[in-house]
Amino acid sequence: MSGYIHIHAPPGHYLPQTKRRGCRLWVNCGHKTIYRSTAFMAAAKHLSRTGVKMARVLWVDKDGYYEPNLVMEAKRK
C-alpha cells in the first residue's frame with residue numbers, strides 16, 4: 001500500500017496594508033505582488049516613513065475561493 005501526498009497551492013498574491021491607530025479600515029500601501037518579501041518591505045517602509053502605527057500583509061487567493069490569510073502583522077508603540 002503506497003500513499004500519495006497531495007499539496008494544494010492555489011495561485012494568489014500578497015497585499016501590504018497599513019492603518020492608523022483608532023481607525024477601522026486598512027489602507028493598501030503598495031502594489032499586489034507574488035513575492036512575500038516584497039510585500040513585507042513595502043509595509044515596513046510605509047510604517048517607518050509615515051505616522052502609521054500598524055501594518056499587515058495578506059495573502060489573497062486569485063480565484064476568490066479562500067478568504068484572505070494574514071501572513072504578517074506589525075505594531076509600533
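Once neighbours within four places in sequence are left aside, aspartate 61 is in contact with Pro10, Pro11, Gly12 and Tyr66. In this predicted model, aspartate 61 belongs to strand β3, which covers residues 54-61. Aspartate 61 is buried and yet has no salt bridge, since the nearest side chain of opposite charge, that of lysine 62, is 8.3 Å away, and a salt bridge would require a distance within 4 Å.

Strand β3 is part of an open sheet of 4 strands, ordered β2-β1-β3-β4 with antiparallel pairing. Strands β2 (27-28) and β4 (69-75) stand at the edges with a single partner strand each, so that one side of each has no neighbour in the sheet. Strand β1, which covers residues 12-19, runs antiparallel to β3 and is joined to β3 by 8 bridges. In general, the strands of a sheet pair through backbone hydrogen bonds, in either a parallel or an antiparallel manner.

Within strand β1 lies glutamine 17, and this residue stands opposite arginine 56 in β3. Is glutamine 17 buried or exposed? Its relative accessibility is 8%, and because buried means under 20%, glutamine 17 counts as buried.

| Side chain | Partner side chain | Polar contact |
|---|---|---|
| glutamine 17 | asparagine 28 | 3.0 Å |
| glutamine 17 | arginine 56 | 2.8 Å |

The largest nonpolar core has 9 residues, namely Tyr14, Ala39, Ala43, Leu47, Val52, Ala55, Val57, Trp59 and Met72. Helix α1 and strand β3 each supply at least two residues of this core. One of the core residues, valine 52, touches Thr18, Lys19, Arg20, His46, Leu47 and Arg76, if residues up to four places away in sequence are not counted.

Helix α1, which covers residues 36-49, also contains serine 37. With a relative accessibility of 44%, serine 37 counts as partly exposed, because that class lies between the 20% and 50% limits. Serine 37 and tyrosine 14 are 23 residues apart in sequence, and their C-alpha atoms are 9.3 Å apart in space; tyrosine 14 is itself one of the residues of the largest nonpolar core.

Terms used: Residues are numbered from 1 along each chain as its sequence is written. This is a predicted model: local features need pLDDT of at least 70, side-chain atom pairs count only at pLDDT 80 or more; totals for chains, interfaces and linings use all residues. Side-chain values use heavy atoms; hydrogens and water are left out. Buried means under 20% relative accessible area, exposed over 50%, partly exposed in between (1.4 Å probe, protein chains only). Lys and Arg count as positive and Asp and Glu as negative; His and the chain ends are not counted. Contact means heavy atoms within 4.5 Å. Two strands pair if DSSP finds at least two bridges between them. A nonpolar core is a set of buried Ala, Val, Leu, Ile, Met, Phe, Trp, Tyr and Cys residues joined through side-chain atoms within 4.5 Å. A polar contact is a pair of N or O atoms within 3.5 Å; within protein, one must be able to donate a hydrogen and the other to accept it, and residues adjacent in sequence count only if both atoms are side-chain atoms.
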